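Thank you all for coming, and please have the sequence and the 3D view open while I talk. I will go through this slowly, and I will name each residue with its chain so that you can find it.

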Amino acid sequence: MPDYQTHEHDVLVIGAGGAGLRAAIEASAAGVSVGLVCKSLLGKAHTVMAEGGIAAALANVDDRDNWKVHFADTMRGGQYVNNWRMAELHAKEAPDRVRELEAWGAVFDRTSDGRILQRNFGGHRYPRLAHVGDRTGLEMIRTLQDHGIHQGIDVHMECTIITLLKDHGRVVGAFGYERERGRFKLFKSKAVVLATGGVGRAYKITSNSWEYTGDGHTLAYDAGAELVDMEFVQFHPTGMIWPPSVRGILVTEAVRGEGGVLRNSEGRRFMFEEIPENYRAQTADNEEEGWRYTQGDKSARRPPELLTRDHVSRCIVREIKAGRGSPHGGVFLDISWIKARIPNGTEHIKKKLPSMYHQFKQLADLDITQEPMEIGPTTHYIMGGVRVDGDTQMSTVPGLFAAGECAAGINGANRLGGNSLSDILVFGKRAGEFAAKFAKSGKSGTIDAQQLEEAARRAIEPFDRGTGGENAYQVQYALQDMMHDLVGIVRTEPEMQRALDGLDALRTRERRVGVGGHREYNSGWHAALDLHSLLTVSEAITRSAIERRESRGGHFREDYPDKDTAFGTLNFVVRKAPDGRMEIVRAPIPGMPQELKNIIEEMK
Amino acid sequence: MAAERATFRIWRGDAQGGTFQDYPTKVSEGMVVLDAVHQIQAEQANDLAVRWNCKAGKCGSCSAEVNGNPRLMCMTRLNQLDLSVPVTVGPMHAFPLIRDLVTDVSWNFEAKKRIKRFKPRPPDAPDGTWRIAQGDVERVQEFRKCIECFLCQDVCHVLRDHQMFDAFIGPRHLVYAAALEMHPLDTENRIPDLKRAHGVGYCNITKCCTKVCPESITITDNAIIPLKERVIDQLYDPVAMLFRKLRTRD
Ligand SMILES: Cc1cc2nc3c(=O)[nH]c(=O)nc-3n(C[C@H](O)[C@H](O)[C@H](O)COP(=O)(O)OP(=O)(O)OC[C@H]3O[C@@H](n4cnc5c(N)ncnc54)[C@H](O)[C@@H]3O)c2cc1C
Ligand code: SF4
Ligand code: SF4
Ligand code: FES
């Protein structure tokens, strides 16, 4: 039997970003005991990096806004393959979740009459993002963290879950290791909430941190739960590209929301050249109108720079491929030009985009109030994830819930900026609420000793092979290069087939990975254990992307460049077949109630 | 600075002991110290322990001492350093070492819990919301920029040299307390705690914390001094006596 410590909680929440913290707060408010586990220290999860804001139809800045408009915007952005029930709940509940943050101490920027200020963002018809300069995520995570620490939640920091434990088909706990001493930990619980975030580390250029290895996706998949929409990966149009060491770091969309424009090497605002049909009526057709929109003129339509991210990214790739890129292989994003339009422009930019100013100044020696930035697409977010029930967030495995980026449904084929921070609050809360309910009605299960032993044995195998084995970091780099080249922004069948072969080869290398030293805070060992998740989600993305033989949202097929209505009615579900292979099945999207259909029609 | 080489002298060891070890590695334009540490970890020292998350100065994970100065490794560019001599990279000094560049900062999380939580006044509007002027918001937003890197805690002599973790919550948590005390909606009174349990009097305004704060929070002038003033106003605090006490311990 492996050596381990045991902890027992009614509800175990895995992940302490916005979704996990909100779930833990809700569950503990419902009167059950809650454990919260995270790979990093508390408050360092990805949510801390979010910049632009939280989307919620508060209608503080434009009173024409309401949940119906937000719902319709989310569905249009997701190209109608979203889980419409989630999109509905999200649009309806986001305003309350934002107000609740204020009641817990968050300090948002204000309107002139003292209410929460909202800003423009891509794909949102009205100014909708509640924000704090460009550090909204920090405000959110700190508010939740500072509220949560007084709720009696047991926090297990720097602890990584490597497997979920089941009893008679139900999830009854989780098993992992803590980084500090490298010891194993067993968590017994009546319900588990996954809130582990995304998968960006499967790609070479990404805005995501080391934590984003798709662990929650993989834990769920290995436990027999279904994943959905894994072909939809969001490549954010504006990542830093120069100098090389900062490649991929995000440049917030708020730059464009505040009036920033995209130009190619010829100085042209190329975004005007191609405006998708379903957005034409809402998009400005001249620069003047676009500028007025960013300055709050309600009669103006938004500039094409604020079209959805999938579209903007592809236009950037088109310019670069056509030889109209910037010196380091991107295009230009210019906010400094607004100085010609507003008094005190330099100060205004620094005030509205303080951390962008700071980031470029410190990391690239560039003053964004004086010069354009060079930017290019970066892997940012995954729309796909654990398939859940829209109301309760329970996966297809009883007792296993998922919320936030690791769950799927709300975003469909493309996520609108700002919809993640609202998603994690709305569905974090729901997951916590229903997990607590489930825990109250259920009893603890039995832990299968063999499952534990097996997981522990696999985890320490890399030490047996020692430093003579494969280097975990090199395997990870090889995977990132391959996914970037073969399953990136522009995809084709032959390339993705090659990626599947490549994944087989990498699996073989993964099994040979060796680690030296001991188990205490051993980064090499941690990297070795992350590989299983990275390979699993990469395979799920690739297989799903092969099946969707059309282009939609974040998924673009050069061999099927158009949208195909036949694919507009279904999602691709990923699950483990009885023989252990990954299988992809088609799941028809349930019919939308007439009421919601009418809303979409009305808002067209 | 194209494809030069530089040597990084990195602390390797744990609570039992350790040494600085030299790692020569390639360096290129735009690199930060964290890039070099990662490169060394991937190529020469797989088991090197280091914390990081965002690589953009936003999460406060990668705190360390670079050439003896408390810094975020991800925001310290190599072109700010003299690469003709080895660059030393060590863990934060004030906290117990776990391994290599990773220290045990858990005390910070415990200390924070002891500060009384936010307690808002009743909502201003019937819909349960408040009205706050942007000007009032800005004052506390400075404090709320804190990324909890704990570099200010690391450099503060009360914690670093005197290890007075039981008596003094340190600059980070004074910033936190100031953010709550000056929050436009808050109604709690933390002044008695600040004086006694949190030990605000131990700060003798050396401003070392302000100098290292990567978020440029004016910790001493804007957070600590106003708190000290409130303590005096509310409780008549014999500050001078505390200073004397501190000096006799030196
Ligand atoms: C630079 C950047 C800017 C962004 N800006 C915005 C924005 O302005 N608006 C917006 O809406 N969205 C934005 N996003 C997206 C948004 O921040 C994320 O989608 C969101 O924060 C995800 O929250 P989460 O709670 O699902 O996961 P996270 O905050 O990522 O938390 C995941 C948690 O799971 C833990 N975890 C993972 N695996 C394990 C494991 N195996 N065991 C234990 N714990 C584990 C991690 O330690 C972490 O605590 C941005 C993203 C980035 C990268
Ligand atoms: S000013 Fe006060 S809190 Fe800051 S370092 Fe000096 S003694 Fe410590
Ligand atoms: S106040 Fe500044 S130095 Fe101190 S923890 Fe916060 S960000 Fe770091
Ligand atoms: S890695 Fe986040 S601050 Fe350095």
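This is a predicted model: local features need pLDDT of at least 70, side-chain atom pairs count only at pLDDT 80 or more; totals for chains, interfaces and linings use all residues.

Let us start with ligand 2, and ask which residues surround ligand 2. The shell is drawn from chain B, and it is made up of B:Cys156, B:His157, B:Pro171, B:Cys203, B:Asn204, B:Ile205, B:Thr206, B:Lys207, B:Cys208, B:Cys209, B:Thr220 and B:Ile224. Two helices of chain B, α8 (208-212) and α9 (219-235), each supply at least two residues of that shell. If we sort the shell around ligand 2 by class, we find 7 nonpolar, 4 polar and 1 charged residues. One of the residues around ligand 2 is B:Cys156, and B:Cys156 is buried, with a relative accessible area of 12%.

Around ligand 3 we find B:Cys146, B:Ile147, B:Glu148, B:Cys149, B:Phe150, B:Cys152, B:Cys213, B:Pro214, B:Ile217 and B:Ile219. By class, this shell around ligand 3 holds 9 nonpolar residues and 1 charged residue, with no polar ones.

Take A:Cys406, which is in no disulfide, and for which the nearest cysteine sulfur, that of A:Cys38, is 14 Å away. A disulfide would need two cysteine sulfur atoms within 2.5 Å.

Next come the aromatic rings, where a search of the whole structure finds 14 pairs over all chains. In one of them, the rings of A:Phe463 and A:Trp525 have their centres 5.3 Å apart and their planes at 50 degrees, so the pair is called tilted. A:Phe463 belongs to helix α13 (residues 449-465) of chain A and A:Trp525 to helix α16 (residues 523-547) of chain A, so this pair ties together parts that are 62 residues apart in sequence. Is A:Trp525 buried or exposed? A:Trp525 is buried, with a relative accessible area of 0%.

Elsewhere in chain A, the residues A:Tyr4, A:Phe175 and A:Phe184 form one aromatic cluster. In chain B, a ring meets a charge, as the charged end of B:Lys112 sits over the ring of B:Tyr176, 4.7 Å from its centre.

Finally, we come to two open sheets of chain A. One of them has 4 strands in the order β15-β10-β17-β18, with antiparallel pairing. Here β15 (385-386) and β18 (582-588) stand at the edges, each with a single partner strand, so one side of each is left without a neighbour in the sheet. Within that sheet, β10 (residues 227-228) and β17 (residues 570-576) pair in the antiparallel sense over 2 bridges, and A:Val228 stands opposite A:Val573 in β17(A).

The other sheet has 3 strands in the order β3-β5-β4, and its pairing is antiparallel. Its edge strands are β3 (54-55) and β4 (118-119), each of which pairs on one side only. Between β3(A) and β5 (residues 129-130) there are 2 bridges in the antiparallel sense, and A:Ile54 stands opposite A:Ala130 in β5(A).

Notes: Residues are numbered from 1 along each chain as its sequence is written. Chains are lettered from A and ligands numbered from 1 in the order in which they are written. Side-chain values use heavy atoms; hydrogens and water are left out. A residue is near a molecule or strand if one of its heavy atoms lies within 4 Å of it. Ala, Val, Leu, Ile, Met, Phe, Trp, Tyr, Cys and Pro count as nonpolar, Asp, Glu, Lys and Arg as charged, and the others, Gly among them, as polar. Rings of Phe, Tyr and Trp (its six-membered ring) pair if their centres lie within 6.5 Å; planes under 30 degrees apart count as stacked, over 60 as edge-to-face and the rest as tilted. Buried means under 20% relative accessible area, exposed over 50%, partly exposed in between (1.4 Å probe, protein chains only). A charge sits over a ring if NZ of Lys or CZ of Arg is within 6 Å of the ring centre and within 35 degrees of the ring normal. Two strands pair if DSSP finds at least two bridges between them.
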